[in-house]
Amino acid sequence: MKTGKTKLMKKLFALLTALSLLLALAACGTSDTGDTTAAANNTDAAATVYKIGICNYVDDASLNQIVDNIRARLTELGAENNVTFEIDYDNCNADASTMEQIISDFIHSGVDLMVGVATPVAMRMQALTEDNQIPVVFSAVSDPVGAELVESMDAPGANMTGTSDYLDTNAVMNLIFAQNPDAKKIGLLYDQGQDASTAAIASAKEYLDSKNIEYVEHTGSTADEVMLAAQAMVADGVDAVFTPTDNSIMKAELAIYETFLDAKIPHYTGADSFALNGAFVGYGVDYANLGVETANMVASILLDGADPATTPVKTFDNGTATVNTDTCTALGYDYDAICEAFKPYCMEIKSITTAESFDEVGG
């Protein structure tokens, strides 16, 4: 009995030892495999994944179109170059505190590059990246030099470059008087707090002063203020209204365009998105293309090592007029006659009908 018990104990000891060895090997195997996979994943991520933070200033047709095209183009470029552009997108809706928090979150999450859509966002990104020098690509900044975002358009300096939707104000003024050579009073509708409007409004005043044309100014930053400003334009008896690439007015366009239609006042603006939302004419850059070129610039910096400091700010030809045919008819104008009048002042004339977003018209 004693011998049998001893053998049994030896077998149990051998089994326990073998089990312990198996568990130890399994544990070591799991640990090694996990570490190797994590290291491989980390290596792949470092090589192929680029984190991009995009902050949009406000929800409107122009800026949304830019963001949509940035996203789409980066997806294409990622597939072409076998990399992933991981996008963290947010919209501050013109709230300074929200904007600050969004940009701070981008920085803390370790983004490789930030995109600021519209001047206020770009300016805040500039301030918050002064120390860390995270590359910033701005989009739809009308006057990058005037906003002191860059030292010059050709040599931006520091960590910022981008795309500009600079507006040729004189060209818009030419359209106004091509349609109505006898116009005597022009309304200037804008938000005084929008940096994008500053240079354009000054240029419009200079143009009108040179021709001894009277003008009146009404401003607003909220929807209610813009509506009151539009109504004041009607009360002033203006012959036409001009608005530059102003996001506050853009947001309110769907609410105010009928006020101008009822008074038979054409609204001339600095972007096709205004025309989409009911304005008579939008004249300026192609915002879809601006979004594409912004994405190309992002890829050039991240993939090719381009230096923002020496990457020229990209500007675009402003020669496209977009006419809202619904509004044209409501104002009592003949579309063909309008095109004929505009032709000497435009490289291209497009038509559009009233909608809330470009997706609704297939744009």
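I began with a bridge: Val323 has Ser351 in E12 as its partner. I noted that this is a predicted model.

Next I looked up how E11 and E12 (residues 348-352) run, and found them parallel, joined by 5 bridges. Then I turned to E10 (residues 281-284), which pairs with E11 in the antiparallel sense over 4 bridges. There, Gly284 sits opposite Thr320 of E11.

Is E11 buried or exposed? I found 5 of the 5 residues of E11 (residues 320-324) buried, so the strand is largely enclosed by the rest of the structure. I also checked the facing: Thr320, Thr322 and Asn324 point one way, while Ala321 and Val323 point the other way.

I listed 16 lining residues, with Leu63, Asp165, Thr245, Asn247 and Tyr287 nearest its centre. By class I wrote down 8 nonpolar, 5 polar and 3 charged. Helices H2 (61-81) and H8 (247-262) each supply at least two of the lining residues.

The second largest cavity holds about 40 Å³. H8 turned up again here, giving the most to the lining with 4 residues. Among the lining residues I noted Glu253, Tyr257, Pro266, His267 and Thr327. My class tally for this lining reads 7 nonpolar, 3 polar and 1 charged.

Methods. Residues are numbered from 1 along each chain as its sequence is written. This is a predicted model: local features need pLDDT of at least 70, side-chain atom pairs count only at pLDDT 80 or more; totals for chains, interfaces and linings use all residues. Side-chain values use heavy atoms; hydrogens and water are left out. On a 1 Å grid over the protein atoms alone, a cavity is a set of points where a 1.4 Å probe fits but cannot get out, and a pocket is an open set with protein on both sides within 12 Å along at least five of seven lines; lining residues have an atom within 4 Å of a point. Ala, Val, Leu, Ile, Met, Phe, Trp, Tyr, Cys and Pro count as nonpolar, Asp, Glu, Lys and Arg as charged, and the others, Gly among them, as polar. Grid points are joined across faces, edges and corners, and a volume is the space filled by probe spheres set on the points. Buried means under 20% relative accessible area, exposed over 50%, partly exposed in between (1.4 Å probe, protein chains only). Two strands pair if DSSP finds at least two bridges between them.
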